[in-house]
Amino acid sequence: MKPLVAAGTAGAASLALVAGLWLAASGSDDSPAAEQTPTGPVVQTSLGLPTPTGDPELPGLRDLSPAPDSVGRLVGPFDDRFTTQGVRFDGRALRGRLTITSDVSEILALQVLGGFYDDQGAYLGEARWDFVPPEEGHHEEGHPEESVSFVVPVPAALRARVASASYGVTNLVNE
Amino acid sequence: MHPRMKTAALAALALVGAASSTLVATPSASANAEDGIKNVIYLLGDGMGRTQVSAARQRYYGADGELNMEKLGTTGQVATYAVQKNSGQPGAADFVPNYVTDSSSAATAWSSGVKTYNNANGIDAKANITPTLMELAHQAGLSTGNVSTAEITDATPAGQMSHTLQRACQGPSYVEASCQLPDVTGGNPLPTSDLRVTPIADQIATNQTADVILGGGLSRFDQANEDSLKSNGYTVIGSPGSQTVASKTDLAGVDANAGKVFGLFSKGNMTIEKYKRENPADAAAQEPTVADMTTKAIELLKTKSAKTGKGFYLQVEGALIDKRSHANDAAQTLEETKAFDDAVKVAYDFAKADGHTLVIVTADHECAGFNIIEKGSYVNAEAAAPPSNTDGKNTSNPSRATAGAKDGTRSHGFINDGDAGQADVKNFAPATFGTVDQGENYTSLDGTPNGALWLTYLSGNHTGADVPIFSFGAGSKLLEGEIDNTDLFGIVGSALGVRPRIPVPAEPTVTVTATPAPGKVATALGITGPTVVKPNRTVTYRIVASRVPSGSKVVVKDKGRVVRTVVVRNGRATVTLRLARGAHRLAASYAGSSKTLPSVTPTLTVTARR
């Protein structure tokens, strides 16, 4: 799903560097909270891990080959945490509703990946829908949202050729 | 440091007694590695406000009972507010508070000593990386552990082991919408190589901040993480690569000498105790309890620290109190509070025997405005839309199948009783429970009007109320009264010896030194503890026994009557008493031996009153 190498030694060294620099610089702020709060230089560091180049794909996205007018389902890491209802594809967008079953709390992150295919089932491209949490202080009335509608529009450049779609969830985080 | 805490830290030594022979007044041991504290076990119930504690006590131990956390001896309360994005710290000109925190901001407060915005993790409100206590402890050579019933990438455990702009950047993959936050990075996304947009799972699997990692959230990790952990010397139980969860049997089989251990027992948050109890054949029933994980973590850390000669720092989270409070599921809120309290007992028992451990029990915030209402009184009319409960595994008991609908069994308040103009099926119904005070079969009263405990909620989210804090061990005096959650950074750091030492205000202590005699070693005894207590509540007194050999017995008397005999270990002993209402006169004595002289404490006068 993503490239990642074991890099513990480099990571530990980077982190030690962060802590060391902060300790050397602590106390430089004269605000009341500064006597125990870190305000040292921001250390732009990484753990030596491969750099992601974009959002993740799901296994099988490019090989699924759903039949024309159908919607295929991609396996993702969080499939045991939700159900979907009414997922359909109308040629312009993939639409449906997703209900969280693992938690009764606010959704912090949710991404639906849509794949699009021609009438032979060949992969054409993809698009994503990201849930946007309500701004703080602007919650809807009542209980946390457990069920949300999603729409993954077909990229304009693909519309003339697209015949089917697939979908899966790449990311889901609840409060 | 919180202004009110500074005042407490400067409290003067008090002398409360005198006796024959030479009188020496000494302060009690303070919360610093220099004074014998080597370990800190920091337990928090996520979302566990004062009412969650009180209601669990009434349910399981009765109105006059105590949870284990309430036996620790020192109590206080913690302010939990957060700040807005890009805010300065308290006292700065650009300080902008947010009165209701989330778990990530609260975790950053005690882990790094800074106020930050809700959603931030291990950074301040201006996105500066702030090293955590667990990182500092690890750097100083202490052994470290992080236990949670949530996903181990969730806000509370992540606050010690990672730094991200958004708590939702958990993994297994980088997702721009979940990891970037241009609002706090000058309007532009950070390079994907930046630590602050690196998924938490990758940080945890790579940085070795915690030696022992136990909890849920296997779905956040993958084969590369497993490879990284193993290359760094971790024993991995279960498998992130094959997404095979570990079991309680796997955990029990981990050797105490394993050193670094990584075990996740659920793909998401761990499962509530009720479901496991009622479904013993389900795979979820193989998940350990938070007490099980705490027991193993202490065993591993104690063994590892014995090899290094340094102490350990363990954080334990009972996360499902909050998860079930969000669901307004009072039944499971109570049961998960009890499960968390069982983990507190594990830590408390260890600390009493060890003598070098500070135990702290607190919460990150309250959740859902939980309250105990008078039996038969009306319910919260504002909560017109209680959450439905769609989680197949974690259903409410009694069930509430339909959101926003009256529960005909439990709604008996006058708003729902059909009075003209007031009947409304959407009025929130209270949850009713039997309590242990109602007899052996008290659970049969659950969900009926006859249950003595009536509980209700204000909302489905966090509230800004202060949370309780309980503590045991040297240095716990610093946690008395009102503190701020950022104060915990300095107090715990001081106890671990990784932050500047904070002097501990002395408790009343008296020490009597017997006159030396030829051929025998003089001994001295001191007794310390609270002088005003609640009747019939467990209270702990500490005995300092100078030059008294380990294994020797010390007799504790109240008004001259023997109430306990305790054994001295490494110059210390503790005695736990439940004192009836009224005045008490406590004294401890050591009879001496062929090589040591006897000694006795002066009388400590204690008043037990409501």
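Which residues of H8(B) are buried?

Modeller: The model is a predicted one. In H8(B), the buried residues are B:Ala224, B:Asn225, B:Glu226, B:Ser228 and B:Leu229. The helix itself spans residues 223-231 of chain B, and it packs with helix H7, residues 200-207 of chain B, at an angle of about 20°, with the two axes 8 Å apart. Because angles under 35 degrees count as roughly parallel, H7(B) is described as roughly parallel to H8(B).

The contact can be read residue by residue. From H7(B) come B:Ala201, B:Asp202, B:Ala205 and B:Thr206, and these meet B:Asn225, B:Ser228 and B:Leu229 of H8(B). By class, the residues in this contact are three nonpolar, three polar and one charged. The spacing along a helix bears on such a pattern: an α-helix has 3.6 residues a turn, so residues three or four places apart point the same way. After H8(B) comes B:Gly233, with a positive phi near 90°.

Another helix of chain B may be set beside this one. Helix H14, residues 487-496, is largely enclosed by the rest of the structure, because 10 of its 10 residues are buried. Among them are B:Leu488, B:Phe489, B:Ile491, B:Val492 and B:Leu496, together with B:Asp487 and B:Ser494. The residue B:Gly497 follows H14(B) and has a positive phi, near 80°.

Chain B also contains an open sheet of three strands in the order E13-E15-E14, with antiparallel pairing. Its edge strands are E13 (371-373) and E14 (431-433), each of which pairs on one side only. From one strand to the next, the twist averages 35°. Strand E15, residues 453-456, is joined to E14(B) by three bridges, and the two run antiparallel. Within this pairing, B:Ala431 has B:Leu455 of E15(B) as its bridge partner.

Key
Residues numbered from 1 in each chain as written. Chains lettered and ligands numbered in written order. Predicted model: local features only at pLDDT ≥ 70, side-chain atom pairs only at ≥ 80, totals over all residues. Pairing = 2+ DSSP bridges. Helix = DSSP H or I, 4+ residues; strand = E, 2+ residues; numbered from the N terminus. Axes fitted to C-alpha atoms, helices over the stretch in contact; angles between N-to-C directions. Buried ≥ 20, exposed ≤ 12 C-beta atoms within 10 Å, placed from the backbone. Parallel < 35°, antiparallel > 145°, perpendicular 65-115°, else oblique. Contact = placed C-beta atoms within 7 Å. Nonpolar A, V, L, I, M, F, W, Y, C, P; charged D, E, K, R; others polar.
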